[in-house]
Amino acid sequence: MLEVKDLRFSYGEKELFNNVTFKINHDEHVGLVGANGTGKSTLMNLIAHRLIPDSGEIIWDKKITFSYLDQYLKVQNDITIRSYLYTVYEDLFEKEDQMNSLYDSLASAEEKDYDKILNKAYNLQNYLEENDFYMIKSKIGNVINGLGIDVNDKRTLAELSGGQRIKVFLGKMLLEEKDVLLLDEPTNFLDASHIAWLAKFLNEYQKAFIIISHDHNFLNQVTNTILSLENKEITKYKGNYDAYLKQKGLQLDTYQKAYEKQQKYIKKTEEFIKKNIARSSTTKRAQSRQKVLNKLVRLDKPQVERKVYFDFKFTKSFQTKPLITKDLAIGYDHIILDNINIKLEFGKKYIIVGKNGVGKTTFIKTILGALPPLEGSFELSQYNDISYYEQEIDLQEVSAIQFFRNDYPLLTDGEIRNILARYGIVGELATKNMNLLSGGEVAKVRFAKLSLEKSNLLILDEPTNHLDKVAKRSLLNALVNYPGTVILVSHEKLFYKDLKMEEINF
């Protein structure tokens with residue numbers, strides 16, 4: 001279905017791919033894995049022909065159709081959810097209109113034309129039945145219920161949050177049933193029940209897909225092939241994520257040994273050339289060795305996981321309750337959740353759980369004053385020092401350094417770079433526009449900036465979205481060691497299960 005041959009691509013001076021080669025077959029459910037910043041999303045953009053490679057080929061079978069869900073989705077915005085989803089079947093609805101017009105025309109048609117009109121209408125009806133036209137409502141119902149999409153929502157896509165828009169576009173992709181689905185972090189805005197539904201859907205999908213996800217439990221459920229992006233190369237493994245980890249361990253050992261052996265050979269050869277190139281009796285031998293060395297395909301140094309260090313600065317403890325709500329009702333133009341009565345204890349960690357769309361983010365925005373309560377009341381302690389990590393932000397066309405300087409103008413470039421480096425943002429990543437960074441890199445920049453704030457109430461809305469396993473581990477450790485109050489919204493139970501959190505169930 002897809003062949004990638006000798007692919008090379010660089011951003012500025014950073015080379016991402018070095019002669020990457022692989023094939024995707026019809027029956028493969030592929031997980032694309034690698035650390036933040038290795039180029040997974042860039043590879044997807046290349047495969048989808050949104051970027052042009054420096055060299056190499058990306059060859060799709062001419063009969064193959066594909067659709068692409070990326071992290072920073074841009075879709076038609078002036079259309080309602082219902083209209084957008086129903087465009088999948090636009091041609092079938094047109095055929096139905098033609099068929100109905102033919103039947104209506106019988107009222108004024110001459111008798112001699114009846115058979116001709118009825119035959120045309122009959123052929124159209126057969127076409128509709130063969131294409132499951134009368135199952136459309138059932139199909140759409142299955143997808144919107146599975147993903148938690150409110151098809152009766154009258155808002156246009158422009159009025160939805162980024163997460164809601166992505167769910168709607170994902171729904172459209174699944175309804176289209178293209179030959180290949182390209183999915184970049186599709187679970188980021190889904191809760192546990194919707195992730196379970198998507199896993200079941202993809203397991204039963206008769207066609208191919210390539211999926212980027214840092215949710216390893218999800219990858220285990222849906223993949224039968226793993227493409228691992230490391231050392232600027234792709235290695236293909238058969239099996240799910242767990243099977244890949246076992247095979248990868250053996251492969252890394254082999255690569256490490258090959259690299260060390262080659263380095264010894266290079267060092268020994270260079271020493272021989274240095275000693276013998278100037279002596280007339282050995283010049284030819286030295287020159288011969290130099291030619292061999294020049295032709296040698298050098299192995300890149302094995303990449304080690306770059307450690308990151310998440311940190312939340314703490315201010316002070318106090319005895320009163322950080323948050324009390326009384327018969328609180330929340331929403332935008334109408335109530336989506338009411339009778340919220342909670343009392344938080346200082347220093348405890350809380351996880352807000354509930355289905356997508358129930359109002360978890362709306363609740364946070366209400367207690368932070370971004371939205372007014374529709375009924376009831378809430379009281380935040382005057383002693384709270386709040387740090388807030390939003391689920392979504394509008395990416396600015398500024399560098400990571402400028403992103404810091406907007407709020408901390410007195411920091412030098414060097415000071416900002418030192419902070420960013422603790423979160424794995426080094427070199428040109430610090431000066432590249434934020435909208436050109438990967439989702440994981442953007443998240444790390446945001447957490448680096450958050451580390452400058454001092455707090456005793458930490459509110460995190462889906463903080464693990466886009467983060468790789470190393471970053472998640474560091475974030476978890478920072479939360480374990482944080483002595484203040486934590487309010488967390490997360491769909492990733494495997495992340496927070498060790499935090500001993502109390503549930504706030506919406």
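Guide: Let's start with a word we'll need: a helix here is a DSSP run of H or I at least four residues long, a strand is a run of E at least two long, and both are numbered from the N terminus. Keep in mind that this is a predicted model.

Is Lys472 buried or exposed? Its relative accessibility is 10%, and buried means under 20%, so Lys472 counts as buried. What does Lys472 touch, once you set aside the neighbours within four places in sequence? It is in contact with His214, Asp215, Thr464, Leu467, Glu492 and Phe495.

Side chains of opposite charge can pair when their charged atoms come close. The structure has 20 salt bridges in total. In one of them, Glu28 meets Lys238, with N and O 3.1 Å apart. Glu28 is in the loop between β2 (14-24) and β3 (29-33), while Lys238 belongs to strand β9 (residues 233-238), so this pair ties together parts that are 210 residues apart in sequence. Glu28 is buried too, at a relative accessible area of 2%.

Another bridge links the side chains of Lys139 and Glu177, at 3.7 Å from N to O. Here the lysine comes from helix α5 (residues 136-147) and Glu177 from the loop between α6 (162-176) and β6 (180-184), so the parts being tied together are 38 residues apart in sequence. Both ends are partly exposed: Lys139 has a relative accessible area of 27%, and Glu177 has 38%.

A further bridge pairs Lys200 with Glu204, whose closest N and O atoms are 2.9 Å apart. Lys200 is exposed at 52%, whereas Glu204, at 47%, counts as partly exposed. Bridges can also chain up: Arg8, Glu15 and Lys232 are joined into one network by salt bridges that share partners.

Next, a pair of helices. α9 (residues 241-276) and α10 (residues 283-295) pack at an angle of about 150 degrees, and their axes are 9 Å apart. The crossing of α9 past α10 is left-handed. On the α9 side, the residues in contact include Tyr265, Ile266 and Phe272, and on the α10 side they include Ala286, Val292 and Leu293. Sort the residues of this contact and you get seven nonpolar, four polar and three charged.

Moving along, strands β11 (residues 323-331) and β12 (residues 335-340) run antiparallel and are joined by three bridges. The hairpin between β11 and β12 passes through three residues. Asp327 is partly exposed, with a relative accessible area of 39%.

How does helix α11 (residues 360-367) compare? It is mostly covered, with six of its eight residues buried. Among them are Lys360, Phe363 and Ile367. Just after α11 you'll find Gly369, with a positive phi of about 90 degrees.

Last stop: an open sheet of five strands in the order β15-β17-β18-β13-β19, with parallel pairing. β15 (386-389) and β19 (502-505) are at the edges with a single partner strand each, so one side of each has no neighbour in the sheet. From one strand to the next, the twist averages 15 degrees. Inside that order, β13 (residues 349-353) and β18 (residues 485-489) pair over four bridges, and Lys349 has Val486 as its bridge partner in β18.

Finally, look at the loop between α16 (493-496) and β19, where Lys500 is found. Lys500 is not a glycine, yet its phi is positive, at about 55 degrees. And where Lys472 counts as buried, Lys500 counts as exposed at 78% relative accessibility.

Key: Residues numbered from 1 in each chain as written. Predicted model: local features only at pLDDT ≥ 70, side-chain atom pairs only at ≥ 80, totals over all residues. Heavy atoms only, no water. Salt bridge = Lys/Arg side-chain N within 4 Å of Asp/Glu carboxyl O. Buried < 20%, exposed > 50% of the residue type's maximum accessible area, 1.4 Å probe, protein only. Pairing = 2+ DSSP bridges. Axes fitted to C-alpha atoms, helices over the stretch in contact; angles between N-to-C directions. Left-handed = near helix turned anticlockwise from the far one by under 90°. Contact = heavy atoms within 4.5 Å. Nonpolar A, V, L, I, M, F, W, Y, C, P; charged D, E, K, R; others polar.
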